[in-house]
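Here are a few exercises to work through with the model open beside you. Try each task before reading its solution.

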Amino acid sequence: MFVTTLVVGLLAVPCLGSVNPAKPQMGWNSWNTFKSNINETLIKSSAKSLVDTGLAQAGYKYVNLDDGWQAFTRDSSGRQQPNSTRFPSGMKALADFVHHMGLEIGIYSDSGIYDCAFYPGSYGYEERDAATYASWTIDYLKFDNCGSFQAGTLSPQERFLRMGDALNRSGRSIFYSLCQWGNQFPWHWASFSDSYRISGDIKSAFGEDSSGVCQSAYCLNTGYAGVSVLTMIRKMRELSRFQRPGSWGDMDMLEVGTGTMNLHQEQTHFSFWAALKSPLIIGADVNTISKVSLNILMNKEIIAISQDDAGVAVNYLPDLSTEHKVQVWGGPLASGKSRYVVLALNYGLDTTKITIPLIGLPGLNRSNLAKYTLREVWAGKVYHHGGDNLVLENVALNQTKVVVFSER
Ligand code: GAL
C-alpha cells in the first residue's frame with residue numbers, strides 16, 4: 001500500500017518501507033515448510049541464507065513470517081504481541097536484524113476474530129494493529145480469511161478494505177498481501193490490495209490435487225486446500241487477463257525446493273509463476289535447499305520475465321493446445337529488447353515435438369520476424385527465426401520450454 005496521506009506536524013513518522021507493487025513481489029515465507037513452528041533463530045538464519053545463497057541479490061527481498069509468531073492474547077493495551085518464548089527479542093529487534101541484512105520483513109494477521117490457529121485476528125483492531133506493525137517497522141502484511149465466520153456481519157470486502165485503509169493511515173508504506181483464498185473472486189474487487197490469493201493453499205505436488213479441489217478459478221469453496229501446481233496453472237486460464245501492476249493475482253508460495261518434484265517439474269512450476277506474474281515467494285527451507293532448486297529460483301532470464309516492465313501475464317492459447325497433452329501460453333514482454341515469450345508444456349505425452357504456428361501467437365509482430373532472435377531459456381539455446389513455425393524438439397513429460405523472442 002502506498003501511503004497517500006502526507007503526515008505533517010510533530011508526529012513521529014517511522015521511515016517508510018519501499019513498496020513497489022509495480023512488479024510481482026519476491027521473497028520467502030515460513031508457512032509451506034515450517035507451518036506454525038517458527039522462532040527468531042529460524043527467521044534470522046533464513047534471512048542470512050537468502051543473502052548467502054545469492055537469492056537476495058537475485059531479487060528475493062521479503063522475509064515473511066506466516067502464522068505462529070503471535071501470543072494467544074493481546075497485551076494490556078490491546079496490542080498484538082509476539083510469542084515471548086519463540087520471539088524473545090520482540091518484533092522490532094527482528095525487523096532491525098532483517099533490515100540490517102538489506103532485506104524487508106513481512107508479518108501475518110487475519111481479518112477475522114481469530115486466525116486459522118486461533119491466535120487473535122485483527123477484526124475490530126485494524127487501526128491498532130496497523131499502527132503496531134508500523135512501529136515495529138514491518139514492510140509487508142499477509143492478511144488472512146480465517147475467523148471470519150465469527151466476525152459475522154461484515155462482508156469480506158469490508159473486512160479487507162478496513163485493514164487496507166488502516167495501513168494507509170499507519171504512516172508507513174506496507175505491502176498489502178490479501179489472502180481470501182479466491183473464495184469471493186477477489187480479482188473483481190481487491191484492487192485496493194497489492195496482491196490477492198486466487199485459490200486455497202498450494203500443495204507440494206506437481207499434478208495430484210487433494211480430494212475435492214476444483215479445476216476452475218470460479219468454483220465455489222470446494223476443496224479449500226491441496227491445489228497442485230498443474231491445477232493452479234489451470235485456474236489461471238480464467239485469470240491471466242486480470243493481472244496488472246499493483247494488483248497481482250497470487251498463485252501461492254512456490255514449492256520449488258520442497259522435495260516432491262523433479263527438475264522439469266520444478267522448472268515448469270517456476271516458469272509459469274513468473275510468466276503469469278504471480279508473486280515469487282519461496283516456500284522451501286532456504287537453509288537446506290538443494291543447489292539444483294536454487295539454480296532454478298535464480299535463473300535470471302525467468303526472473304526477468306516475472307519482473308518485466310509491461311507487467312502483462314501470458315495467456316492460454318487453446319487453439320495451439322491439446323487438453324491433457326500439450327499447453328501453449330504466450331504474451332508480450334517490454335523489458336530490454338525482448339518482445340514476446342512462449343511457454344510450451346508437455347503434460348501428458350512421452351517425449352514429444354511441439355510445433356507452434358507463429359500465426360497463432362496473438363500480439364507477436366510477425367512483420368519483423370526476420371529481426372528476431374529466439375532463445376530457449378532453460379537450455380540456453382539461441383536460434384534465428386527460420387519459418388512460419390516454432391518447432392520445439394524433445395519436450396519431455398512435464399517439461400516446459402520457455403522461448404523468448406527478442407529483436408536484434
Ligand atoms: C491459510 C493460508 C495459508 C497460511 C495459513 C496459516 O489460510 O491460506 O497460506 O497462511 O492460513 O494458518
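**Exercise 1. Find which residues of helix 4 are buried, and what covers them.**

Start with the burial list: Gly90, Met91, Leu94, Ala95 and Val98 are the buried residues of helix 4. Buried here means under 20% relative accessible area, exposed means over 50%, and partly exposed lies in between (1.4 Å probe, protein chains only). Helices (H or I, at least four residues) and strands (E, at least two) are DSSP runs, numbered from the N terminus.

A word on the source: this is a predicted model, in which local features need pLDDT of at least 70 and side-chain atom pairs count only at pLDDT 80 or more, while totals for chains, interfaces and linings use all residues. Residues are numbered from 1 along each chain as its sequence is written, and side-chain values use heavy atoms, with hydrogens and water left out.

Next, look at the cover, which includes helix 2 (40-53), strand 2 and strand 3 (104-110); contact means heavy atoms within 4.5 Å. Helix 4 lies across strand 2 and strand 3, at about 140° to strand 3. Such angles run from 0 to 180 degrees between N-to-C directions, with axes fitted to C-alpha atoms, for helices over the stretch in contact. Finally, step past the helix: glycine 102 follows helix 4 and has a positive phi, near 85°.

**Exercise 2. Work out the strand order of the eight-stranded sheet and identify its edges.**

The order is 7-6-5-4-3-2-1-8, in an open sheet with parallel pairing. Two strands pair if DSSP finds at least two bridges between them. Strand 7 and strand 8 (280-282) are at the edges; each has a single partner strand, so one side of each lacks a neighbour in the sheet. On average, neighbouring strands of this sheet are turned by 25° against each other, direction ignored.

Now zoom in on one pair: five bridges link strand 3 and strand 4 (residues 140-144) in the parallel sense. Serine 109 is found opposite phenylalanine 143 in strand 4.

**Exercise 3. Do likewise for the six-stranded sheet, then find the helix 9 contacts.**

This open sheet has the order 9-10-11-16-13-14 and antiparallel pairing. Its edge strands, strand 9 (315-316) and strand 14 (381-384), each pair on one side only. Strand 13 (residues 372-376) and strand 16 (residues 400-407) run antiparallel, joined by five bridges. Tyrosine 372 has glutamate 407 in strand 16 as its bridge partner. Helix 9 (residues 263-275) packs on the sheet and touches strand 10 (326-332), strand 11 (338-346) and strand 16, with its direction at about 140° to that of strand 11.

**Exercise 4. Locate threonine 137 and tryptophan 181, and decide whether each is buried or exposed.**

Begin with the backbone rule: most residues other than glycine have a negative phi. Threonine 137 has a positive phi near 60°, and tryptophan 181 also has a positive phi near 60°.

Then place them. Threonine 137 sits in the loop between helix 5 (126-135) and strand 4, and tryptophan 181 in the loop between strand 5 (175-178) and strand 6 (195-197). Threonine 137 is buried because its relative accessible area is 10%; tryptophan 181 counts as buried at 9%.

**Exercise 5. Describe the surroundings of phenylalanine 242.**

Phenylalanine 242 belongs to the loop between helix 8 (229-235) and strand 7 (248-250). With a relative accessible area of 21%, phenylalanine 242 is partly exposed. Apart from neighbours within four places in sequence, its contacts are Trp187, His188, Tyr196, Tyr218 and Ser247.
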